[in-house]
Amino acid sequence: MLGFGAERLRAYMNRLLALLFHQGVLDEQFLQLQQLQDESSPNFVSEVVNIYFHESEKLLRNLRGLLLDREFSDFKKMGSHLNQFMGSSSSIGAQRVRNVCVAFRAASEQSNRAGCMRALELLECEYCYLKNKLHELFQIEQQRILAAAVRYPPVQHPINNP
């Protein structure tokens, strides 16, 4: 991507976002989050998303820990973690992650341990895909900002300079 002009990087970002919307990875809430970003907080979206990633990592560890505990039987505790995960995923527009959380919660409400394990594996997969794609998007955005800031001095032709 280095060497691309700011407009080419913006076009690439837009194509990546369009793909993520088309795949159902993101929804309109992500666009609303982007609208909150301005010159006074140019990294707002990436900061919010990084907080989401940090909290989500903890939730995923907690969910996996609960399911791997042979003595586990407190599906209400799992539901609490899932509600938290669903809420934070909804707030950043992570539609597919939120949808998996809904299915996961349904399995936990039925005390279906095997269904919960399958849902956890799918949740981890969807979460990883989201995280990779949003990191890619933010890297391109940083490159675009840098490319837009680079100003080349006008070329002086030797003929015009006596």
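This is a guided tour of the structure above, from the whole chain down to single residues.

**The whole chain**

Start with everything shown as a cartoon, and keep in mind that this is a predicted model. The secondary structure comes to six helices and zero strands, so the order read along the sequence is α-α-α-α-α-α. Colour the chain by burial next: 35% of its 162 residues count as buried. Among contacts with a separation of 6 or more, 68% are between residues 24 or more positions apart.

**Helices α1 and α6**

Select residues 6-22, which form helix α1, and residues 113-149, which form helix α6. The axes of α1 and α6 come within 8 Å and cross at roughly 160°. That angle makes α1 roughly antiparallel to α6, and the crossing is left-handed. To see where the two helices meet, show side chains. On the α1 side, the residues include Leu 9, Tyr 12, Met 13, Leu 16 and Leu 20. On the α6 side, they include Tyr 129, Lys 133, Leu 137, Ile 140 and Arg 144.

**Helices α3 and α4**

Now hide that pair and select residues 44-68 for helix α3 and residues 75-92 for helix α4. At what angle do the axes of α3 and α4 cross? They cross at roughly 160° and come within 10 Å. α3 and α4 are therefore roughly antiparallel to each other. The crossing of α3 and α4 is left-handed. Side chains of α3 that meet α4 include Val 48, Val 49, Tyr 52, Ser 56 and Leu 59. Those of α4 that meet α3 include Met 78, His 81, Leu 82, Phe 85 and Ile 92.

A search of the whole structure finds five aromatic pairs. In one of them, the rings of Tyr 52 and Phe 53 have centres 5.7 Å apart and planes at 55°, so this pair is tilted. Tyr 52 and Phe 53 are both buried.

Tyr 127, like Phe 53, is buried.

The charged end of Lys 131 sits over the ring of Phe 53, at 5.7 Å from the ring centre.

**Leu 130**

Leu 130 is also found in helix α6. Is Leu 130 buried or exposed? With 2% relative accessibility, it counts as buried. Show what surrounds Leu 130: beyond its neighbours within four places in sequence, it is in contact with Val 25, Leu 26, Tyr 52, Phe 53, Ile 92, Ala 94 and Val 97. To check a distance, pick the C-alpha atoms of Leu 130 and Leu 26: they are separated by 8.5 Å, although the residues are 104 apart along the chain.

**Val 49**

Go back to helix α3 and select Val 49. Its relative accessible area is 0%, so Val 49 is buried. Setting aside residues within four places in sequence, Val 49 is in contact with Phe 30, Leu 33, Ile 92, Leu 134 and Phe 138.

**Two loop residues**

Select Asp 27 in the loop between α1 and α2. Asp 27 has a relative accessible area of 12% and is buried. Not counting residues up to four places away in sequence, Asp 27 touches Phe 21, Gly 93 and Gln 95. From Asp 27 to Arg 96 the C-alpha distance is 8.9 Å, and these two are 69 residues apart in sequence.

End at Ser 111, in the loop between α5 and α6. Its relative accessibility is 47%, so Ser 111 counts as partly exposed. Look at the backbone here: phi of Ser 111 is near 55°, a positive value in a residue other than glycine.

Definitions and conventions:
Residues are numbered from 1 along each chain as its sequence is written. This is a predicted model: local features need pLDDT of at least 70, side-chain atom pairs count only at pLDDT 80 or more; totals for chains, interfaces and linings use all residues. Side-chain values use heavy atoms; hydrogens and water are left out. Rings of Phe, Tyr and Trp (its six-membered ring) pair if their centres lie within 6.5 Å; planes under 30 degrees apart count as stacked, over 60 as edge-to-face and the rest as tilted. Buried means under 20% relative accessible area, exposed over 50%, partly exposed in between (1.4 Å probe, protein chains only). Helices (H or I, at least four residues) and strands (E, at least two) are DSSP runs, numbered from the N terminus. A charge sits over a ring if NZ of Lys or CZ of Arg is within 6 Å of the ring centre and within 35 degrees of the ring normal. Axes are lines fitted to C-alpha atoms, for helices over the stretch in contact, and angles run from 0 to 180 degrees between N-to-C directions. Angles under 35 degrees count as roughly parallel, over 145 as roughly antiparallel, 65 to 115 as roughly perpendicular and the rest as oblique. A crossing is left-handed if the near helix is turned anticlockwise from the far one by less than a right angle, and right-handed if clockwise. Contact means heavy atoms within 4.5 Å.
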